[in-house]
Amino acid sequence: MISMSTRHILLGLLAGGPSHGYDLKRRHDERFPQARPLAYGQVYTTLQRLVRDGLAEVDGTDSDGGPERTLYRSTDDGSRELAHWAGEIAPPAPFVTNEIFAKVVVSILASADPAGYLRAQRAAHMARMRELTAVKTAPGADLASVLSADYALNHLDADLRWMNTTAARLTTLTAEVDAA
Amino acid sequence: MSNPLLAARSLVKAHGSTPALRGASVDLRAGEILAVTGASGSGKSTLLHCLAGIVRPDTGTVEYAGERLDRLPEKRLSELRRTDFGVVFQFGQLIPELTAVDNVALPLLLAGTPRTAAREQAGEWLERFGVRGQEALRPGEMSGGQAQRVSLARALVTGPKVVFADEPTGALDSLAGEQAMTALIHTARESGTAVLLITHDAQVAAYADREVSLRDGVVTAEWAAGAPAEGAAGTAAEPSAEATR
């Protein structure tokens with residue numbers, strides 16, 4: 001199964017050595033700065049499933065002066081699973097499912113105003129791209145922030161190119177219909 | 001809001017019988033970074049040429065710091081282009097026979113700075129653009145990204161009020177383009193230089209504070225940084241009164 005997998009991300013974070021749930025959540029949010037933050041509940045549930053499946057195991061407890069925390073470490077099976085997942089090719093866009101695309105198609109079907117929608121969406125995309133560019137070019141931006149901003153910028157840019165082409169096609173279509 | 005540093009009103013310009021601008025209006029404020037976007041043939045470069053005093057519009061006005069640029073005698077225009085404006089094109093247009101440091105020093109020499117001082121300042125600007133160590137190279141011996149950063153250093157070396165950049169990253173790969181853009185934006189912000197940035201690349205336009213979009217020679221939309229997306233969408237649908245006046 002290939003998906004944005006919390007299991008594999010936690011296994012990846014455990015590859016550096018034993019860690020407890022709180023620490024894994026913190027490190028996840030550092031490494032994936034523009035991602036939705038992991039919920040604690042999700043971290044603990046996922047760790048329990050990794051233990052159940054033999055991919056991770058308990059490595060004792062650590063109190064460090066505070067409350068007692070369970071430490072986890074990856075097993076050999078966990079390392080193999082991680083390597084397998086990390087090297088497996090992600091299917092290149094097997095389905096075209098996207099909200100923007102769907103809205104344009106539906107607007108055309110319903111004789112609504114797809115061009116007006118595209119203009120408004122473009123403004124929102126550009127506003128987000130300006131924010132991400134500021135994140136990326138801030139002095140001292142860390143690598144994780146730069147990589148995640150790059151990723152988002154390139155995807156927003158791809159959306160924009162499609163939206164520009166679509167807007168141009170719609171203009172041509174409208175002109176042809178009007179001329180007929 | 002303060003008066004714009006550069007204000008163009010209802011610019012019309014044709015190349016032969018082909019209209020390039022059909023009533024374009026745009027403001028550039030001091031220290032602002034403005035992106036001008038639009039499809040090929042929308043009039044972006046002609047707008048830049050009119051604003052920079054490189055060509056005169058057929059009709060319409062261009063006002064720079066209180067002076068009517070479209071009416072200035074050629075002598076005063078060249079002086080302004082030397083002292084107040086810096087220009088960068090897609091292909092840097094460096095002088096191939098000159099080394100990097102001499103290319104950058106050239107505008108200073110033209111302005112009467114003694115040679116040693118000019119080369120010293122040029123060296124400092126090469127450093128700001130991350131191309132220190134390339135002083136003795138000629139354009140043909142540099143990568144495209146390095147050459148473009150030398151062009152940017154040359155555009156900024158005289159401390160201009162406005163830098164006009166026409167597709168400055170158009171010939172560069174994405175990382176080299178990013179280095180050139182980051183250097184340009186940081187330097188412009190530090191020195192309070194306004195930048196008019198012509199681009200068809202959304203990732204380049206995203207460096208700007210504000211964006212105006214051209215279609216068929218007129219400004220059709222305007223967006224500003226910090227405006228909420230919904231609000232920006234509202235103004236994006238229709239040309240603003242200011243832009244179309």
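**Close-up views of chains A and B**

**View 1. Where chain A meets chain B.** The contact draws 14 residues from chain A and 16 residues from chain B, two residues being in contact if their C-beta atoms, placed from the backbone, lie within 7 Å. This is a predicted model, in which local features need pLDDT of at least 70 and side-chain atom pairs count only at pLDDT 80 or more, while totals for chains, interfaces and linings use all residues. Residues are numbered from 1 along each chain as its sequence is written, and chains are lettered from A and ligands numbered from 1 in the order in which they are written. On the side of chain A that touches chain B, helix 6 (114-137) and helix 7 (143-179) of chain A each supply at least two residues. Helix 6 of chain A gives the most, with 11 residues. Helices (H or I, at least four residues) and strands (E, at least two) are DSSP runs, numbered from the N terminus. By class, this side of chain A has eight nonpolar, three polar and three charged residues; Ala, Val, Leu, Ile, Met, Phe, Trp, Tyr, Cys and Pro count as nonpolar, Asp, Glu, Lys and Arg as charged, and the others, Gly among them, as polar.

**View 2. The two domains of chain A.** Here you can follow domain 1 (6-87) and domain 2 (99-179) of chain A, with bounds from an automatic or database domain assignment. Their C-alpha centres lie 36 Å apart. Each domain of chain A brings five residues to the contact. Domain 1 of chain A contributes two nonpolar, one polar and two charged residues to its side.

**View 3. Helix 2 and helix 3 of chain A.** Helix 2 (residues 21-31) packs against helix 3 (residues 40-52) at an angle of about 120 degrees, with axes 9 Å apart. Axes are lines fitted to C-alpha atoms, for helices over the stretch in contact, and angles run from 0 to 180 degrees between N-to-C directions. A:Gly21, A:Leu24 and A:Lys25 in helix 2 meet A:Tyr40, A:Val43, A:Tyr44 and A:Leu47 in helix 3. These contact residues comprise five nonpolar, one polar and one charged.

**View 4. The open sheet of chain B.** Six strands run in the order 6-7-8-3-9-10, with mixed pairing; two strands pair if DSSP finds at least two bridges between them. Strand 6 (85-88) and strand 10 (218-224) of chain B are at the edges with a single partner strand each, so one side of each has no neighbour in the sheet. From one strand to the next, the twist averages 15 degrees.
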